[in-house]
Amino acid sequence: MHTPAYAALSAGAPLQPLAIARRAPRPHDVVIDILYCGVCHSDLHQVRNDWGGARYPMVPGHEIIGRVAAVGSAVAGLKVGDPVGVGCMVDSCQACDQCGHGEEQFCRQGPTMTYNGRDRLSGETTQGGYSRRIVVHEAFAIGLSPALDLARAAPLLCAGITTWSPLRQHRAGPGTRLGVVGLGGLGHMAVKLGVALGCEVTLVTGSAAKADDALALGAHRVLLSRDAVAMKAAAASMDLIIDTVPVAHDLDPYVRLLDVAGQLVVVGALESMPVNAASLMRGRRQVSGSLIGGIAQTRELLAFCAEREVYPACESIPIQQIDEAFARMERADVKYRFVIDMASLADA
Ligand code: NAP
Ligand code: ZN
């Protein structure tokens, strides 16, 4: 079957309408009618081939909310009409130790990414959520609570889980002094989830104009990264920092914000970045990374957000405005996640 989509035909080209093929459902597949898809900075990195390995045409999109339109013969847990979410992965080996304990993102054979990946059986390039329909293995289509507001939930599937996972890994909660670097899609979720978990949250931003928004999102303090005096005064004041900056940068100014045994978790730039070992040694500080999160933990996050009514700040756009959204994302002018209303695709 064919489905309408928006695709990049080469690196950096504007996205354009394109009909793409979707496979007929296999026994364990679900066919999903997409209602909403969030716009992640990774989509921009990928269409530009910032990370190498891009295959075109490329349909980005890995923050997908939709409804089940059809199910394969062996699907038991989902039925037509169910609301579902799909994140950055659509399959994995489902047999290795990592898949076994719910960390499919670290599948020993490599998970199948939602787009710009390779289907495990056919070898076809996977295509993402900037489209009308998608077909995924049932294990990666997460059934949603009827209490969840579908129009505001899409960013939880990547921005949400990518920040929830390190918060949970490092047991963030009451008493945790949390720093969040960068107030964009990931950063604003880190602030909201940190606040919801009871942390004392400081936003570290390059944009003075975002201070009021950060406080409105629940942050307790705002630190301007270029204010050297304030940065020095805040030295050794944080237990955990989540760094969402999408470009390579010196990590040392943020490491210095950590108290003894504090942890800086990099989730933003996938690049080499300088870190000063002396700053690590003085205070036994640690720098680590984190990649999205597993399906079980994504379910946990979705249940938490439905119950606690923690939602991303979504700016709804028609798909025709995707290039403008990318341009604003590049200027750090996102408030705080674009979400494509897929009803607009009918007009494409
Ligand atoms: P975003 O919405 O564009 O937000 C990034 C924020 O970083 C900006 O709003 C800005 O905040 C700050 N920033 C600092 N320097 C910047 C620059 N040169 N250009 C743009 N922003 C800059 O991005 P996102 O969707 O949150 O994604 C952030 C990064 O995480 C991307 O590199 C993405 O690929 C990566 N990512 C990683 C994972 C993972 O699994 N680890 C998952 C999803 C995304 P201020 O104005 O407050 O400074
Ligand atoms: Zn993403």
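Asn49 is placed in the loop between H1 and E4 of this predicted model. Its phi is near 60°, a positive value in a residue other than glycine. With a relative accessible area of 31%, Asn49 is partly exposed, because that value falls between the limits of 20% and 50%.

Pro57 is also found in a loop, the one between helix H1 (41-47) and strand E4 (64-71). A cis peptide bond joins Tyr56 to Pro57, and omega there is about -5°.

A positive phi occurs at Ile292 as well, with a value near 30° in a residue other than glycine. Ile292 belongs to the loop between strand E15 (286-289) and helix H9 (295-308). Its relative accessible area is 9%; Ile292 is therefore buried, as the value is under 20%.

Another cis peptide bond links Lys335 and Tyr336, with omega about -15°. Tyr336 lies in the loop between helix H10 (322-330) and strand E17 (337-341).

| Site | Backbone feature | Angle |
|---|---|---|
| Asn49 | positive phi | phi near 60° |
| Tyr56 and Pro57 | cis peptide bond | omega about -5° |
| Ile292 | positive phi | phi near 30° |
| Lys335 and Tyr336 | cis peptide bond | omega about -15° |

Notes:
Residues are numbered from 1 along each chain as its sequence is written. Chains are lettered from A and ligands numbered from 1 in the order in which they are written. This is a predicted model: local features need pLDDT of at least 70, side-chain atom pairs count only at pLDDT 80 or more; totals for chains, interfaces and linings use all residues. Side-chain values use heavy atoms; hydrogens and water are left out. Helices (H or I, at least four residues) and strands (E, at least two) are DSSP runs, numbered from the N terminus. Buried means under 20% relative accessible area, exposed over 50%, partly exposed in between (1.4 Å probe, protein chains only).
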